[in-house]
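Trainee: I would like to learn how to read the features of a model, one at a time. Please give me the general idea and then the case at hand.

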Amino acid sequence: MIDLRSDTVTRPTPDMLQAMMRAPVGDDVIDIDPTVVQLQEKTAELLGKEAAIFMPSGTMTNQIALRVHCSPGDEFLCETECHIYNYEQGAFAQLSGLVARTIPGHCGVFGLDQLDGMVRPDNEHMVRTRLICLENTSNRGGGSIFPQSLVESICAWAKHHGLCSHLDGARLFNAAVATGRSVGELAAPFDSVSVCFSKGLGAPVGSCLAGTKEFVAKARRARKLFGGGMRQAGYLAAAALYALEHHVDRLAVDHAHANRLAETVQELEGLHLLGGSVETNIVIFKIEPKLGTAADFARRLLEEGVQVMAFGPQSIRMVTHLDLSASDIETACSAMRRLLGR
Ligand SMILES: *Cc1c(COP(=O)(O)O)cnc(C)c1O
């Protein structure tokens, strides 16, 4: 089976499992786990922040960032299609009493001019605008990269208006490899940054949230509150450390594979690639209704041994990752051609 549903479906490699088994561990809730500490220090250094903290998921790192930056009755700004707004059950409202105000983008990217008038005045009728969140790369935007000059001007705008800024960098390493910029450079304009090790980097579990020491100390308290304290988490941190060492540069291979899939999508009549090109490892395309629904398309591809995700009534998402070879990608391309009678 060729699994293109997500870059989270990868299994740890034998070498990664070896690294996990060798990890020195402690109790990271009572005090510390040495391998978790090593991962946190390494991640903070890579992201150019004072400190970082390891958590079970990117949902938790995002939600704890929101909680630490904001208080109940505060509002944050984010792009309409972003993960924090669409795929985290409105946890910011359920758990932290926050309100989201969305900004429509194009493939996850919006302009500075759209922020005009988005900070509410100090008025007792209104929520307080407190934070802005960006996502890089954008999942629903088809793995698009938020242009760095725009990131810099948006974060400068936020600072000017007294807002904090948070980056959902679940796939920040993909953006770094694709642009040739370091993750530190991409993270620099933000007060806090979340990165996932369980996506393209191929670790089984885990994310880190980075920021100032003071921010991370508050995040550690919130992590316990949210049930994210993990004891011998060094076994998981070891997988993430291994991934940082061995699985970053190879993301370029995933990007080439996604490009190959996108080329095939563009050859086929009735399929329309989101954004007209692919920048990283996510390929999203629309299917014309005369060819059936996305669910039909996914079911027929499954019969050919290729798993994809129906991402809307007429939308399909394919994500490349380290468990796919060039020949798997060619097989998937042939399956799509066969399905559409080419
Ligand atoms: C996957 C993802 C997350 C976090 O997901 P978890 O499954 O909770 O680890 C956050 N943001 C984006 C953009 C993602 O793709």
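Trainee: Which residue lies over the face of Phe311?

Mentor: A charge sits over a ring if NZ of Lys or CZ of Arg is within 6 Å of the ring centre and within 35 degrees of the ring normal. Here Arg140 lies over the face of Phe311, at 4.9 Å from the ring centre. Bear in mind that this is a predicted model, where local features need pLDDT of at least 70 and side-chain atom pairs count only at pLDDT 80 or more, while totals for chains, interfaces and linings use all residues. Residues are numbered from 1 along each chain as its sequence is written, and side-chain values use heavy atoms, with hydrogens and water left out.

Trainee: How many aromatic pairs does the structure hold?

Mentor: Rings of Phe, Tyr and Trp (its six-membered ring) pair if their centres lie within 6.5 Å; planes under 30 degrees apart count as stacked, over 60 as edge-to-face and the rest as tilted. The structure holds 4 such pairs. One of them joins Phe54 and Phe197, which are tilted, at 6.4 Å centre to centre and 45° between the planes. This pair links distant parts of the chain, 143 residues apart: Phe54 is in strand β2 (residues 51–55), and Phe197 is in the loop between β7 (192–196) and β8 (207–211). Helices (H or I, at least four residues) and strands (E, at least two) are DSSP runs, numbered from the N terminus.

Trainee: Are Phe54 and Phe197 buried or exposed?

Mentor: Buried means under 20% relative accessible area, exposed over 50%, partly exposed in between (1.4 Å probe, protein chains only). Both Phe54 and Phe197 are buried. Another aromatic pair, Phe76 and Phe92, is edge-to-face, with 5.0 Å centre to centre and 85° between the planes. Phe76 lies in strand β3 (residues 74–79) and Phe92 in helix α5 (residues 91–96), so the pair ties together parts that are 16 residues apart in sequence. Phe76 is buried at a relative accessible area of 0%, and Phe92 counts as buried at 6%.

Trainee: Why is β3 said to be largely enclosed by the rest of the structure?

Mentor: Because 6 of the 6 residues of β3 are buried. In a regular strand the side chains alternate between the two faces of the sheet. In β3, Asp74, Phe76 and Cys78 point one way, while Glu75, Leu77 and Glu79 point the other way, and all are buried.

Trainee: Which strands pair with β3?

Mentor: Strands of a sheet pair through backbone hydrogen bonds, either parallel or antiparallel. Two strands count as paired if DSSP finds at least two bridges between them. β3 pairs with strand β5 (residues 128–135) in the parallel sense over 4 bridges, and Asp74 stands opposite Arg128 in β5. β3 is also joined by 5 bridges to strand β4 (residues 99–103), and the two run parallel. The bridge partner of Cys78 in β4 is Thr102.

Trainee: What is the strand order in the open sheet of 4 strands?

Mentor: The order is β9-β10-β13-β12, with antiparallel pairing. β9 (271–273) and β12 (309–312) are the edge strands, each pairing on one side only. From one strand to the next, the twist averages 35°. Axes are lines fitted to C-alpha atoms, for helices over the stretch in contact, and angles run from 0 to 180 degrees between N-to-C directions. β12 and strand β13 (residues 315–319) are antiparallel and share 3 bridges; Ala310 has Ile316 in β13 as its bridge partner.

Trainee: Which helix packs on the sheet, touching β9, β10 and β13?

Mentor: Contact means heavy atoms within 4.5 Å. Helix α11 (residues 251–267) packs there, and its direction makes about 15° with that of β10 (282–287). Helix α12 (residues 294–303) lies across β9, β10, β12 and β13, at about 40° to β13.

Trainee: How is the chain divided into domains?

Mentor: Domain bounds come from an automatic or database domain assignment. Domain 1 covers 14–246 and domain 2 covers 250–339. Their centres, taken over C-alpha atoms, are separated by 28 Å. Across the two, 20 residues of domain 1 are in contact with 15 residues of domain 2.
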